[in-house]
Amino acid sequence: MTGTAVNPLFRAAFMARSEKQNVTLLVPWLCKSDQELVYPNSMTFDSPEEQEAYIRSWLEERVGFKSKFKISFYPGKFQKERRSILPAGDTSQFISSKEADIAILEEPEHLNWYHHGKRWTDKFNYVVGVVHTNYLEYIKREKNGALQAFFVKHINNWVTQVYCHKVLRLSAATQDLPKSVVCNVHGVNPKFLKVGEKVAAERELGQQAFSKGAYFLGKMVWAKGYRELIDLLSKHRSDLDDFKLDVFGNGEDSHEVQSAARKLELNINFLKGRDHADDSLHGYKVFINPSVSDVLCTATAEALAMGKFVICADHPSNNFFKGFPNCLTYRTSEDFVARVKEALASEPRPLTAEQRYNLSWDAATQRFMEFSELDGVLSGAGERSLGAAMKKSISLPNLTEVVDGGLAFAHYCLTGNEVLRLCTGAVPGTRDYSKQHCNDLHLLPPNVQNPVYGW
């Protein structure tokens, strides 16, 4: 239920809705032991078909229309240390050549750190990467973080250079990558916009829309802004004497975060994490998000869509939100106090039609098609496929193509060595998928060419 999982799902639904192209969403399939570690509320699935049914039901309840895209699964493995899912085996082999036209790689660096297989730009005519995560910010917080960040920065440059034609960065908070442009190509679940419309209607009738004060919602790990939040409230305890904050979240650092707040005797009420669309959250007037590790916080966009005030740091990750009058940014801790008092003492302004549209997935999909240059690519699809084949047969590669090809070959060789993979943090045995993946996805052993479920 993270933004990096949910947002590609919405993107697939809204791209398929236009019916200008066929869309397939590839989802990592986790074995039962990994599902128990990752999925919320002890949820598990016995088969890909069962998980697909859940995904479609969850999505259609939120978007209000039947999704028309295909869902397929590739083998994945959860890495506890990085709290991340990594591909197991060559993901590109599970995509039929007849459907390998355009690839959208959500988190291209992440997908390609240990990718040992066919080069995406060789298999596909056009490859777009969407960068979701500020990996360098997270890594710097770890032991020997500066050194690790140095290497990861160059590896990210390497893999995006050789595997993508175009890279979209959700905000300038991410590292500057080759072939990249900054643009927010995410929208909000339509449910949140409906909540905002309801709030505006109640206020027009003179009713009180907000009965509660301030809250924060996010996975309870230090990197999600909890350290910054505790520091701010501790430093200005006397200035915010009557201020109470409800915090909703679950996560690996829950015990440490709550212990730190109790030790400082902060007026924070910790509650279990819940869906941001939950009715119990509609009455809050102020959403506080002090995180500076996010690239583009989904919860911030959702709070704005619901007509609330948002208090957040003056940081590149929040640049998109600054255009909304209910977004109150701060640079210093003193500014933070002033913004909190301002928000609690006043009422948010209703969103205009243009502002609601800019937050929607319709607008986000339009921005995606424009900034990825997919509109032009799709309009010339027939000429492109024929022209690409002729070009390959008659033209000599230029210097850039030669260099990129050499870098891709070097990456292929390095990721094929199990010792080097393990030394750089790969999950053991992920160069190929496991026996359990074979059973779950009805695959023959990795050395045998065989289509995966969904194709």
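Two strands pair if DSSP finds at least two bridges between them; strands (E, at least two residues) and helices (H or I, at least four) are DSSP runs, numbered from the N terminus. The model is predicted: local features need pLDDT of at least 70, side-chain atom pairs count only at pLDDT 80 or more, and totals for chains, interfaces and linings use all residues. Residues are numbered from 1 along each chain as its sequence is written, and side-chain values use heavy atoms, with hydrogens and water left out.

**Exercise 1.** Determine which strands pair with strand β12 (residues 309-313), and in which sense.

*Solution.* Step 1: β12 pairs with strand β11 (residues 284-289) in the parallel sense over 4 bridges. Within this pairing, F309 of β12 is the bridge partner of V286. Step 2: the chain passes from β11 through helix α11 (residues 298-305) to β12 in a right-handed β-α-β crossover, that is, with the strands pointing away from the viewer, the path from the first strand over the helix to the second runs clockwise. Step 3: β12 is also joined by 4 bridges to strand β13 (residues 327-330), again running parallel. Here C312 stands opposite T329 of β13.

**Exercise 2.** State how far β12 and helix α1 (residues 3-17) are covered.

*Solution.* Step 1: buried means under 20% relative accessible area, exposed over 50%, and partly exposed in between (1.4 Å probe, protein chains only). Step 2: in β12, 5 of 5 residues are buried. Step 3: in α1, 11 of 15 residues are buried, among them F10, R11 and F14. Step 4: α1 is followed by E19, whose phi is positive, near 60°.
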